[in-house]
Amino acid sequence: NSIPSAATILVVDDDPTQMRLICDTLEDCGYVTDGFTDPLVALESLKKVHYELMMIDLVMPVMNGIELMKAAHRCDPDIGCLILTGVASIATAIEALKLGAVDYVVKPFDLRVLQPALQRAAHLRQAKIDKTVATLALKASHESLAELNQQLRGAQKAADQANRAKTQFLAQLSHEIRTPLNSILGFAHILNSESMPTTAPQKKQFAKNILSSSRHLLNLADEILDLASVESES
């Protein structure tokens, strides 16, 4: 098995024969490759072409493999890098692993070793991408939740203000109702009392006051019904 055929591997080795051998071998296995002997030219290509993986020679005169790997990660943090090394430089290759390489392959390479290394690099790269995507999704979810909580706090604040306004309205309404009611009850009590003598003009004035207070109560009732109708429609 190999990585998907759509994946492209960037091969960088200052030895043209070695570079061509690696590219031809990988292409025979179904991979897509771009090969370069100059690390600086390879780096320019990396800025224009999307590569999933890189195979980098560790020892090169213009720019060594570790320097190129660091520059490649600045261009594409997700690219998987494999280091090509000779037996004598394995210790340096291990150092490259600590700096971000996903594996190293000893030259002359064995295809049975190279293919599993490429597969591991591809899987690690995809796992890294999946982790990044999941992190971004989690961050977006947290931001959405924070925005929703802010909206809920705003709605709660508006509801609290509405409740305070309603309480003030009911208190005012109670006062508006009690004032004419007290007037009606007071004048009616006087008119009904046998111990409180009143003249005919006084009785007439008391009746007018009762009528006036009753009309005021009727107007209040109409206003309350209008307000209830508006609230039921909204």
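Which side chain makes a polar contact with the side chain of Thr 33? The points below take up this residue, then a pair of helices.

1. This is a predicted model. The side chain of Thr 33 makes its polar contact with the side chain of Glu 27, at 2.6 Å.

2. Thr 33 lies in strand 2, which covers residues 32-36. Is Thr 33 buried or exposed? Its relative accessible area is 9%. Buried means under 20%, so Thr 33 is buried.

3. Glu 27 is also one of the contacts of Thr 33 once neighbours within four places in sequence are set aside. Ile 9, Cys 23 and Leu 26 are the others on that list.

4. Gln 161 is another matter. Thr 33 and Gln 161 are 128 residues apart in sequence. In space, their C-alpha atoms are 67 Å apart.

5. Now the helices. Helix 2 spans residues 39-48, and helix 3 spans residues 65-75. Their axes are 10 Å apart. The two pack at an angle of about 15 degrees. Angles under 35 degrees count as roughly parallel, so helix 2 and helix 3 are roughly parallel to each other. The crossing of helix 2 and helix 3 is right-handed.

6. Which residues of helix 2 meet helix 3? Helix 2 brings Pro 39, Leu 43, Leu 46 and Lys 47. Helix 3 brings Leu 68, Ala 71, Ala 72 and Cys 75. By class, this contact of helix 2 with helix 3 has seven nonpolar residues, one charged residue and no polar ones.

Technical notes:
Residues numbered from 1 in each chain as written. Predicted model: local features only at pLDDT ≥ 70, side-chain atom pairs only at ≥ 80, totals over all residues. Heavy atoms only, no water. Helix = DSSP H or I, 4+ residues; strand = E, 2+ residues; numbered from the N terminus. Buried < 20%, exposed > 50% of the residue type's maximum accessible area, 1.4 Å probe, protein only. Contact = heavy atoms within 4.5 Å. Polar contact = N/O pair within 3.5 Å; in protein donor to acceptor, adjacent residues only side chain to side chain. Axes fitted to C-alpha atoms, helices over the stretch in contact; angles between N-to-C directions. Parallel < 35°, antiparallel > 145°, perpendicular 65-115°, else oblique. Left-handed = near helix turned anticlockwise from the far one by under 90°. Nonpolar A, V, L, I, M, F, W, Y, C, P; charged D, E, K, R; others polar.
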